[in-house]
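My entries follow in the order in which I looked.

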Amino acid sequence: MGLPDADTIVTYPTGELRTIATVVAVAPHDDRLAVVTDRTSIHPVDAAWPDQPADAGVLRVGSREYAIRDAVVAATDGDELHVGALPVRPGTEGWTFVVAHLLDADAAVAEGDEVELEADAATRRSLSLGHTACHAASLALNRALADRWSKAAREDALGAPDFDGIAITSSRIEPMGSVDRYRLNKSLRRAGFDAAGLADALDELAASVDATLAGWVDADAPVRVERVGDGLTERRTWVCELPDASARIPCGGTHAGSLGELGAVHVSFAMEDDGGTPVLAMTTRSTPAT
Ligand SMILES: [Zn+2]
């Protein structure tokens, strides 16, 4: 069995759905067949920060078409192919990181095959809108909570204390939205964040975030994904030209082309409990106009 010797070239950051590729490795994985190609337009779930789910899509070879059941990151140091659960962090020196497309086990795909990969457009679109809404909401949340900081904290691109970057514990991108969770723990309080009374002010907080988002959507702020290279693990950055400043957030996902595409965006908050630590959950929902 051959092993990939170069990181997969990824074309989804520019919004591409379809690409022609060559199969460089095929390996059984659980009850699936893992197919690695030299390039892909299929967004995989990230190994280190699994926020955006994998694209739905198909792999075509000759006249045959196979559903892509999942797409995950795989890695090898030349010894074996580790699929999904990686022994090292993505980007580690000496390792090759690739996208593994998981097909049904009986798929007839072989090393050296030329294949066509195509992501489902509707699924991609809804996840891109959800991911863009997520980042915009996180910046609006930082602004809404800025008055609760009593000490200097790391700032976001707009100059507000970066509550999102400091307190986030998980982010899940969904079709047309997201759910982000923030731990309001002791270290956050020691850093100068005052959570007193927050649980009783969640509706006001949502109204404040919604108002900021409405202004940004009205301004139709342009969004792009910047990258330093085409490889899977190359650093990519979400950039949004907001009216006040250019916002930048490291991001491996896919996005809308502007905030205007989000239509109406609304957030809601809930206070949860994780073993005695309060957790603020923000749910974001985008309702595009068309
Ligand atoms: Zn992101």
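I began with the lining of the largest pocket and found that α1 (121–144), α2 (163–167), β11 (168–174) and β15 (246–250) each supply at least two of its residues, with helices (H or I, at least four residues) and strands (E, at least two) taken as DSSP runs numbered from the N terminus. The largest share, six residues, comes from α1. I note that this is a predicted model, in which local features need pLDDT of at least 70 and side-chain atom pairs count only at pLDDT 80 or more, while totals for chains, interfaces and linings use all residues. Residues are numbered from 1 along each chain as its sequence is written, and side-chain values use heavy atoms, with hydrogens and water left out.

I wrote down what a pocket is here: on a 1 Å grid over the protein atoms alone, an open set of points where a 1.4 Å probe fits, with protein on both sides within 12 Å along at least five of seven lines, its lining residues having an atom within 4 Å of a point. The largest pocket has a volume of about 960 Å³, a volume being the space filled by probe spheres set on the points, which are joined across faces, edges and corners. Of its 39 lining residues, Trp49, Arg236, Pro250, Cys251 and Gly252 lie nearest the centre.

Next I turned to the second largest pocket, which holds about 190 Å³ of space and is lined by 15 residues, with Thr14, Gly15, Ser128, His255 and Ala256 nearest its centre. Two or more lining residues come from each of α1 and β13 (223–227), and α1 gives the most, four.

I then looked up the zinc ion, whose protein donors are His131 (NE2), His135 (NE2) and Cys251 (SG), at 2.1 to 2.2 Å from it. Donors are N, O and S atoms within 2.8 Å of the metal (3.2 Å for Na, K and Ca), and because water is not among the atoms, sites may look incomplete. Along the chain the donors of the zinc ion have the spacing H-x3-H-x115-C. His135 lies in helix α1 and Cys251 in the loop between β15 and β16 (264–274), so this pair ties together parts that are 116 residues apart in sequence.

Last, I checked strands β5 (residues 57–61) and β6 (residues 64–68), which run antiparallel and are joined by five bridges.

Conventions. Two strands pair if DSSP finds at least two bridges between them.
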